[in-house]
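My entries follow in the order I looked things up.

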Amino acid sequence: MLNEGESHRQHRKIIQPLFLPKSIKSYSNIMVDNIKHISDNWQDNTTIDVLQEMTMLAMGVMTESLFGINFRDRDTFSKVSDSFTNILESFTQVHAPVKNILVEESTNENKKQNKFQDSLDYLNQKIYTLMDHIKKTNPEKPNLISHLLKAKDPDSGEIGLPEKQIRDEIMIFLFAAHDTTSTALTWSLAYLATNPEIQDKLQKELDAVLEGGRLPTGDDLPKLEYAEKIFKEILRIRPSVWALSRLTNEEYKIGEYVIPNGSVIFMSQYAMHNSPKYYIDPDIFNPERWTKEFLFKLPRFAYFPFGGGIRSCIGETFAVQEGILALATIFQKWKIVPTTEGISFEPKALGGFTKPKYPIKVIVKTRNN
């Protein structure tokens, strides 16, 4: 699933047109339509499992925006989500090899390996079925798969990337839909449910910008300033990715330290974003901190929820637009409050992602009640 060097640069160029500002803005109606579809199924004064709902939302947006398929089968999305979770749990085991050796029995390890392989096989089957469907039905319709089918392979020069490479690209984007966006939106609803004054201020902005209760569009994004601050603060306090790594390809000196060639360097968004060195009261959810003055003074890599440099996330603008439109669409209609059990904000590392350790459940109430 990972790509390096010149091949990475070439494949990024191939995909880039789908993520230009004009293209991303064109996805806004698809985003709002999918967000509305999920939230319209909620019932007044009922409890929802936030991560489950936000995962369905993010997958619906991804499949329609990038694959051109209006597909909203909750059962299939749930199976896809479970498969990704199984794979991420396997990745997490790799991060703690000593613990595994000490406490895991071989039978449990075999079960985990089988679970991983079953999940991977299921996802591969779904992806190849999706590719075949687009080839047979409408290969000229603009979407990620048709784009890759017509692209020039940077290695062979042939038209159309190899099927395995297309599969890898699709898998990466499905991972992004399942984990980064859905996790960010889950934390968003959790923090807003427990900060009613911030939720009220957001809804006042929505009432002012979206006159007459109309749905948001891509043109509204510059005016949804407080919604943007909320989403930016969510990505600070609970970044969807807790750490990333880079492999050095030459020796590098930083002050008195020498980093040898071939070293793996880990950088933690979670640690940096929650450091009192850069943020006053970092444990407090405070969208108000994101003023222009604060942004100007903040060091470049004190905030990097989408990574940085040439390998920064290509879907950053896509994810931020989806996040803001989700907040606008949901909170225009709904007020969200905690259940009597409350909400735990304790995170857990699942693979490289920052997931809620415990299920997050909230009560949704229509705003006219």
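**Entry 1: the β7–β8 hairpin**

I started at the hairpin of β7 and β8, where two residues sit between the strands and Gly351 takes a positive phi near 65 degrees. The model is a predicted one, which I keep in mind throughout. I then checked the pairing of the two strands. β7 and β8 run antiparallel and are joined by four bridges. Ala349 has Thr354 in β8 as its bridge partner.

**Entry 2: Thr354**

I stayed with Thr354, which belongs to strand β8, residues 353-356. Is Thr354 buried or exposed? Its relative accessibility is 3%, so Thr354 counts as buried, the cut-off being under 20%. Next I listed what covers it. Leaving out residues up to four places away in sequence, Thr354 touches Thr183, Trp187, Arg238, Pro239, Ser240, Val241, Trp242, Tyr270, Pro347 and Lys348. One of these, Trp242, I looked at again for polar atoms. A polar atom of the Thr354 side chain lies 3.3 Å from the backbone nitrogen of Trp242.

**Entry 3: strands around β9**

I moved on to β9, residues 361-366. Which strands pair with β9? I found β1, residues 46-49, antiparallel to β9 over four bridges. I also found β6, residues 334-338, antiparallel to β9 over five bridges. For each pairing I noted a pair of residues. Ile48 stands opposite Val362 in β9. Ile336 stands opposite Val364 in β9.

**Entry 4: salt bridges**

I counted salt bridges next and got 16. I took three of them in turn.

How accessible are the two residues? Asp168 has 9% relative accessibility, so I log it as buried. Arg167 has 10% relative accessibility, so it is also buried.

Arg289 and Glu233 form another salt bridge, at 3.2 Å from N to O. Where do the partners sit? Arg289 lies in the loop between α12 (269-273) and α13 (292-297), and Glu233 lies in helix α11 (residues 225-237), so the pair ties together parts that are 56 residues apart in sequence. Both Arg289 and Glu233 are buried.

Lys357 has 38% relative accessibility and counts as partly exposed. Glu346 has 37% and also counts as partly exposed. I then looked for salt bridges with shared partners. Glu211, Arg214, Asp220 and Lys223 are joined into one network that way.

**Entry 5: Gly60**

I turned to Gly60, which is found in helix α4, residues 50-67. With 1% relative accessibility, Gly60 counts as buried. What does Gly60 touch, not counting residues up to four places away in sequence? I get Asn34, Phe71 and Phe77. I also took one C-alpha distance. Gly60 and Ile38 are 22 residues apart along the chain, and their C-alpha atoms are separated by 9.2 Å.

**Entry 6: a nonpolar patch**

Which residues make the nonpolar patch of about 360 Å²? Leu247, Val264 and Phe266 do. Val264 lies in strand β5, residues 264-267. Its relative accessible area is 51%, so Val264 is exposed, the cut-off being over 50%.

**Entry 7: whole-chain totals**

The chain has 14 helices and nine strands. Of its 369 residues, 47% are buried. The chain exposes about 19000 Å², and carbon and sulfur atoms supply 55% of that area. Last, I looked at contacts between residues at least 6 apart in sequence. Of these contacts, 73% join residues at least 24 apart.

Technical notes. Residues numbered from 1 in each chain as written. Predicted model: local features only at pLDDT ≥ 70, side-chain atom pairs only at ≥ 80, totals over all residues. Heavy atoms only, no water. Patch = residues over 30% accessible without salt bridge, like charges linked within 9 Å, V, L, I, M, F, W, Y side chains within 5 Å. Areas by Shrake-Rupley, 256 points an atom, 1.4 Å probe, with all protein chains shown as cover. Salt bridge = Lys/Arg side-chain N within 4 Å of Asp/Glu carboxyl O. Buried < 20%, exposed > 50% of the residue type's maximum accessible area, 1.4 Å probe, protein only. Pairing = 2+ DSSP bridges. Polar contact = N/O pair within 3.5 Å; in protein donor to acceptor, adjacent residues only side chain to side chain. Contact = heavy atoms within 4.5 Å.
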